[in-house]
Amino acid sequence: DWMSGDSLRDRKWQAGDDDERTIVDLLIDQLEFANVILLNKIDLLNEEEIQKVETLIHRMNPKAKVVRTEFSKVDVNQVVRSGLFDMKDAEQMQGWLAQARGDVVPESEEYGVVSFVYRARKPFHPTRL
């Protein structure tokens, strides 16, 4: 999706009728703020291509730790409780204070990302799925 020219509207993820943002806008927002970035599917690239991607990531976010993965296999300790989050750094990020005050639309709403948890006492019927 990094090279995609798709808009959020193309994927029906737009926040409203006048929303002109792209998928790349969402990816950049996430890359700039992340403490740990998983670079997946490295088995599909040669070392030179991997270096180009890592260089781009480090230019956008020099403090982020980049973890190379194949098939999304990663030690959870490299991501969760990594000790890399720093509140002072987060406070310096553009828009951080507005976000904390609730003056910014959350990404879940901004980009139309939704999720839900389905719970039922009875399991799904295997032949009706």
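Glu47 is partly exposed, with a relative accessible area of 42%, where buried means under 20% relative accessible area, exposed over 50% and partly exposed in between, for a 1.4 Å probe and protein chains only. This is a predicted model, in which local features need pLDDT of at least 70 and side-chain atom pairs count only at pLDDT 80 or more, while totals for chains, interfaces and linings use all residues. Residues are numbered from 1 along each chain as its sequence is written, and side-chain values use heavy atoms, with hydrogens and water left out.

The structure holds three salt bridges, each being a side-chain nitrogen of Lys or Arg within 4 Å of a carboxyl oxygen of Asp or Glu.

| Salt bridge | N to O distance |
|---|---|
| Glu47 and Arg68 | 3.0 Å |
| Arg68 and Glu54 | 2.8 Å |
| Lys52 and Glu48 | 3.9 Å |

Arg68 lies in strand 2 and Glu54 in helix 2, so this pair ties together parts that are 14 residues apart in sequence; helices (H or I, at least four residues) and strands (E, at least two) are DSSP runs, numbered from the N terminus. Glu47, Glu54 and Arg68 are linked in a network of salt bridges, in which Arg68 is partly exposed at 33% relative accessible area, whereas Glu54 counts as buried at 11%.

Lys52 and Glu48 both lie in helix 2, four residues apart, or about one turn of the helix. Lys52 is exposed, with a relative accessible area of 57%, and Glu48 is exposed with 55%.
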